[in-house]
Amino acid sequence: MSPSFKALYFFLTEGLYFKKLITKYMIKEAVLRYWETIITTISSYLYNEFPEEVNLSLNEITIDQTIEQNYLFTSMDNDYHMIRNIVAKKKEFKERGAGQLAADLIDNKGNFRGMAELRPTQTTHITLKEDQENIWIRLVDSAYNALDEWTADVFDLITYLWLVSPKNTEGYIEFHSNDALQLRQTQDSEENTKELIIRERDRFNIMKRVVALSSMWVSLSDGKVITQEDKQYDFQDFKRMFDIGALRVAYDKNSGEAQGIYALQIKPTAILTPLINASSQMIGLLHIKVFQYSHQTQKEHKRLLRYIDRQWKMRIRLKSKLTQPFKISTLLKEMDIPLRYNWSDKKDKLENVLDDFKTDGVIKNWLYKERFDESVVGKKGWYKNWLNYSIIIYPTDNLLEGYKKHLELPSPAIIDETILKKRHQISPENTLLRTEEARFVSSSKSVIQETASTIETANMIEKTLMKGNYKIHDQTKTFKIAQQAFDFDEIQEIKLSSEAMDQMINQLNMSIRQAAEEIGIAHTTLSRYLKKENKRQNNNNAEKMLNWLKEKSKQPI
């Protein structure tokens, strides 16, 4: 048997139908039910046997659907956001010790939470051929220079694919250079109407960023804030962010020499998986335009887009008004505009980015909350008042529709022999015939399951029915659901909880001490409440916290 056929044989005989007499009907049933898992299981063998197929991605359907729906799913967790930011900040990495490059992990409140280290010599444990090793060394040598906004995009894409793609028995998904490069193509470009055209240099640029991510080791303080005195403590629990499995290498047909890495197996490690687990209520929507903005000339676009999409997810969780204004000072902080810009240029930069967002369909509209007198621009100290102004940003209908589709998540569980044994016990009479469309609907169009809180989120939807109906296809049944729209203006009843308080404090970029001072309670009292350590709740303190929460929900962020 060929290696690929042998892998398929053992999948059927040892995995699905252990010690069973296998019929043609059972084989057909297995292909219909588990074709994704079969492809993942035998793909590495197939590409060795049929090297001309090396440029094909297993994620092609997923990427096409992602482009069609205009967004992908990503974690809005604070720690995930902090780690994703550090991979884009090359300048934060300083030499520590014997040639070790490290950076502090600072949360959104300015607290020291851990460290990240770049260890390019410890990137992989796989065995490489000599020609493959030469390519790998080139990628490793460029790992430090690959830390930029594009690397942050690849970080989001890999975690997204890990959420929605089938995994092999070791938990790996396949990541192909085509996946990232296809998303980077602008939808209105001439190239996009033709076959995807990719140069070897483009693939190298993608893969060196993947290697940079696999070279990153992180240590977190488990939610604890480290004081300046403790900042130099010895981190013993550094964990690699991603593990690399097998490589898919392209070879020249004439010379037989390795040309480059087209795809590889990859999986997040234990330090990331809790932050991107599909059952997490922190999964949100990120517009794919973030991939198409230039990592060299449109960095501010990327940073602000990630921030705005994250804030909308937070507001949906908190049941806040979606059009709650943003403070201009907050938006500028997130954009991190270079110091060489004067204040007039910064104002133009912010407004131009928001105009681009509107033109590109990232936002529906934006406007100043207060009337701003343009004639004061350029006068001495004019920007001090301008920084305290607020801007209202309206989300698109497409984003709101995405959040209204509270659909079942694909299981992140690895398909191993035990799971397969349980699955094959389903009666063969209940054959599941799935079309290509239905397959994608059930496996990858949703990573937004919110369980009980999802039902509460529905309270944000207007009671008023709008004209027209749309259809949602679920296997063999079709349901007609009246279109609805999110309520922009009505603020829902706010209930006090430790989760709501923690989310609001994070959203405001405040420390617990600052929040406690505003509320009028001791910071130790607030800290115990957030950690759910209070056996009895003081009614007076509860009233103060609730009033503070309601007040902040009405103010610009």
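Student: In β9, which residue is the bridge partner of Y251?

Tutor: This is a predicted model. β8 covers residues 242-251, and β9 covers residues 258-268. The two strands run antiparallel. In β9, the bridge partner of Y251 is A258.

Student: How many bridges join β8 to β9?

Tutor: Strands of a sheet pair through backbone hydrogen bonds, either parallel or antiparallel. Here β8 and β9 are antiparallel. The number of bridges joining them is eight.

Student: Which strands stand at the edges of the sheet?

Tutor: The sheet is open, with three strands in the order β5-β9-β8. Its twist averages 30° from one strand to the next. Two strands have a single partner strand each, so one side of each is left without a neighbour in the sheet. Those edge strands are β5 and β8.

Student: At about what angle does α6 run to β5?

Tutor: Helix α5 (residues 130-141) lies across β8 and β9, at about 70° to β9. Helix α6 lies across β5, β8 and β9. Its angle to β5 is about 145°.

Student: How many charged residues does the contact of α6 with α11 have?

Tutor: The axes of α6 (residues 149-164) and α11 (residues 299-318) come within 10 Å and cross at roughly 35°. From α6, the contact uses E149, A152, D153 and D156; from α11, K299, K302, R303 and R306. By class, one residue is nonpolar and none is polar. The charged count is seven.

Student: Is the crossing of α6 and α11 left-handed or right-handed?

Tutor: Take the two helix axes, which cross at roughly 35°. The crossing of α6 and α11 is left-handed.

Definitions and conventions: Residues are numbered from 1 along each chain as its sequence is written. This is a predicted model: local features need pLDDT of at least 70, side-chain atom pairs count only at pLDDT 80 or more; totals for chains, interfaces and linings use all residues. Side-chain values use heavy atoms; hydrogens and water are left out. Axes are lines fitted to C-alpha atoms, for helices over the stretch in contact, and angles run from 0 to 180 degrees between N-to-C directions. Helices (H or I, at least four residues) and strands (E, at least two) are DSSP runs, numbered from the N terminus. A crossing is left-handed if the near helix is turned anticlockwise from the far one by less than a right angle, and right-handed if clockwise. Contact means heavy atoms within 4.5 Å. Ala, Val, Leu, Ile, Met, Phe, Trp, Tyr, Cys and Pro count as nonpolar, Asp, Glu, Lys and Arg as charged, and the others, Gly among them, as polar. Two strands pair if DSSP finds at least two bridges between them.
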